[in-house]
Amino acid sequence: MTFFTVVTRGLIRRPVRTGLTILGISVGIAAVVALVGISRGFSKSWETGMKARGTDVVVSDMGSSLVPKPFSASVRDRIAHLPHVDATCGILVDLMSIENTQMILVSAREWGGFSWNNLKLISGRMPRDAAERAVVLGRTAAEVLKKKIGDMIQIETAELSVVGIVDGNAWVENGSVVLALPIFQEITGNPDKINIIDIRVTPSTTAKDVERLCAKINALVPEGRAVVAGEHISKSEAYRMVQAMSWGTSLLAVLVGVLGVMNTMLMTVFERTHEICILLALGWRRGRIIRMVLWESALLGLLGGLVGVMIGAVGVKFLGMTPAIRGLLEPDVSINLLLISVAIAVAVGVISGLYPAWHSSRLVPSRALQG
Amino acid sequence: MAESYAAMKTGSQPTSIEGADLNRYETEQVTLDGATTAPARYVFEAIGVARMFDDGQVQALRGVNFHVVQGEFLTITGPSGCGKTTLLQMLGALDRPTAGTLRYRGVSIPDLDDPSSYRALEIGFIFQAFQLLPTFTALENVQIPMFEDRLPASGRKDRAIALLKSVGLGHRLNHFPSKLSGGERQRVAIARSLANSPSVLLADEPTGNLDSENAHLILELIIQLHREQQMTLVLVTHDMSVAQRASRIIQMKDGRIVSDRESTVAGSMI
């Protein structure tokens with residue numbers, strides 16, 4: 001028998017209570033995994049979308065909203081001639097409710113720009129020119145909108161025809177409705193406005209060159225901010241808010257878990273007062289008693305964490321399939337996030353066990369002789 | 001003088017339990033600073049020991065004086081509430097006297113640097129209500145005190161098996177206390193009390209919860225262990241027939257020792 005046997009035996013003696021406590025922690029940890037995974041997924045999805053389009057630098061003004069603020073399309077001309085800029089593409093994106101869908105990304109791209117190049121036709125064709133009132137749908141968007149080639153799609157008050165289904169090689173791209181920039185500018189009443197400029201740099205450009213290019217653009221263009229592709233979301237105020245809310249909400253759930261473990265461990269200690277007194281009477285040091293209680297609560301946390309990350313990972317997959325999220329973002333459940341979540345759970349266990357451990361260490365061994 | 005209890009040199013008496021160093025205590029005392037001193041005359045020495053509760057409203061012990069020598073079998077007897085269990089708790093460092101001096105081999109028990117180590121290594125407790133841990137098997141219960149003895153897990157197990165076999169429970173190693181009879185539980189408790197080869201056994205009404213047949217068997221077992229291993233045995237009981245088995249009987253009443261005498265029948269029975 002090892003010390004660990006003593007620790008585990010303490011948990012096994014009340015399997016229902018131990019199970020419920022583990023479930024309590026796991027709900028909190030699942031919330032961490034799901035909410036943080038989704039908020040990280042939002043950033044990652046944009047990043048992979050950018051990479052799929054071949055974009056190295058993005059100019060936009062994210063402000064505190066989830067879509068960038070529009071600015072004049074002429075800004076692009078001020079950037080296009082800068083050193084290391086290989087190509088630019090003006091884009092106007094928006095999150096819209098189209099027909100029966102809750103929210104879908106509409107991406108209107110400058111006709112002939114490189115941001116069309118990653119779209120591979122699965123069926124149908126691309127719009128013939130910038131003036132054709134037509135859209136191509138990412139394959140997830142087609143499923144969500146339940147559209148096929150030849151169907152009409154209503155964006156705001158305009159009716160456009162679906163001419164192609166495409167694979168954009170990224171979650172966000174596949175979840176988008178893609179059309180030519182002038183059509184969308186007209187539909188949304190934003191003539192000559194864009195809210196993103198995709199920049200592709202020349203092949204020999206180094207990371208330092210990209211940094212210098214961003215600085216130069218930022219000096220030239222007060223309407224937007226140039227950042228390395230993908231970072232424009234993670235550095236945006238809105239994303240930070242979403243992330244803070246995700247952590248805030250999930251940590252509240254974790255706090256409930258803390259109270260649950262503390263309650264269980266206190267009950268365990270109260271219930272086992274006599275046993276702990278026997279251990280003290282038999283010569284166990286107070287430090288060993290404290291370690292026993294802390295190990296029990298840490299083990300509760302660890303088990304809760306492991307169950308929680310499993311529930312969270314499955315939950316995130318499920319959430320990713322819901323109509324509100326599907327096609328908009330790809331939940332990011334990384335190994336890092338899972339490890340952090342389990343670490344949080346173990347910390348929850350240890351913190352929750354501190355008071356019960358302290359209480360148990362103050363028991364008087366002479367009580368062991370009292371019956 | 002540095003407060004310590006003795007690290008006694010090993011004698012050559014035989015032991016009956018495999019792996020157990022039962023004769024660590026003999027003649028020489030070593031203090032914490034390493035100096036060798038004259039041997040302590042008594043295993044226990046109580047001078048004017050008093051214990052009060054509730055700000056002096058309850059006086060459990062009122063100036064108790066006595067001493068116990070190495071290898072002695074002493075019973076403390078008296079009516080309920082006379083203070084005998086309180087006295088046993090003091091000897092086992094489970095409680096502290098309010099006044100007076102209480103020494104173990106010349107070292108003040110209340111001033112012990114490490115009372116846990118004293119309880120684990122020097123003292124073996126046998127309780128009336130067995131006090132076994134219900135979620136551990138007999139084998140595991142016996143190993144519980146061994147955690148303070150720095151033995152490897154396999155060593156703990158081997159020793160616990162040997163101890164359980166020595167009390168006749170070799171066939172009940174993996175039984176939980178709830179599956180054992182009262183007599184068997186007390187045998188497990190006795191094996192547990194010997195876990196770290198203590199020099200002193202403190203037994204609080206060890207036969208109090210047993211039927212007469214089991215009470216007799218358990219008492220015989222304890223006395224046998226005391227004789228074979230030359231352990232000092234202090235046994236608290238209110239049963240005079242049990243008390244008579246000792247070589248010396250202390251009788252208590254209202255927190256005082258009212259008589260301290262040699263047993264008249266023990267000599268012929270032990």
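Chain A of this predicted model has a mean pLDDT of 86, and 93% of its residues reach 70 or more. Within chain A, the element with the highest mean pLDDT, 95, is strand 6, residues 134-138. The lowest, at 65, belongs to helix 8 of chain A, residues 231-234.

The largest nonpolar core holds 73 residues. Which of its members touch the most others? They are A:Trp284, B:Phe44, B:Phe66 and B:Leu202. As general background, nonpolar side chains in soluble globular proteins tend to be buried together.

With neighbours within four places in sequence set aside, B:Phe44 is in contact with several residues of chain B, including B:Phe66 and B:Leu202. Its contacts also include B:Val68, B:Leu91, B:Ile109, B:Ile123, B:Val200 and B:Val234. B:His67, B:Arg103, B:Tyr104 and B:Tyr118 are likewise among the residues that B:Phe44 contacts.

Apart from the largest core lies another, of 41 residues. Among its members are A:Ile79, A:Ala108, A:Phe184 and A:Val210.

I now come to the backbone. Two aspartates deserve mention, one in each of the chains discussed. A:Asp192 is not a glycine, yet its phi is positive, about 60°. A:Asp192 sits in the chain A loop that runs between helix 6 (181-188) and strand 10 (193-194). Is A:Asp192 buried or exposed? With a relative accessible area of 56%, it is exposed.

In chain B, B:Asp55 also has a positive phi, near 55°, and is a residue other than glycine. B:Asp55 lies in the loop between strand 3 (44-53) and strand 4 (58-68) of chain B. Its relative accessibility is 83%, so B:Asp55 counts as exposed.

Technical notes. Residues are numbered from 1 along each chain as its sequence is written. Chains are lettered from A and ligands numbered from 1 in the order in which they are written. This is a predicted model: local features need pLDDT of at least 70, side-chain atom pairs count only at pLDDT 80 or more; totals for chains, interfaces and linings use all residues. Side-chain values use heavy atoms; hydrogens and water are left out. A nonpolar core is a set of buried Ala, Val, Leu, Ile, Met, Phe, Trp, Tyr and Cys residues joined through side-chain atoms within 4.5 Å. Buried means under 20% relative accessible area, exposed over 50%, partly exposed in between (1.4 Å probe, protein chains only). Contact means heavy atoms within 4.5 Å. Helices (H or I, at least four residues) and strands (E, at least two) are DSSP runs, numbered from the N terminus. pLDDT is the predictor's confidence in each residue, from 0 to 100.
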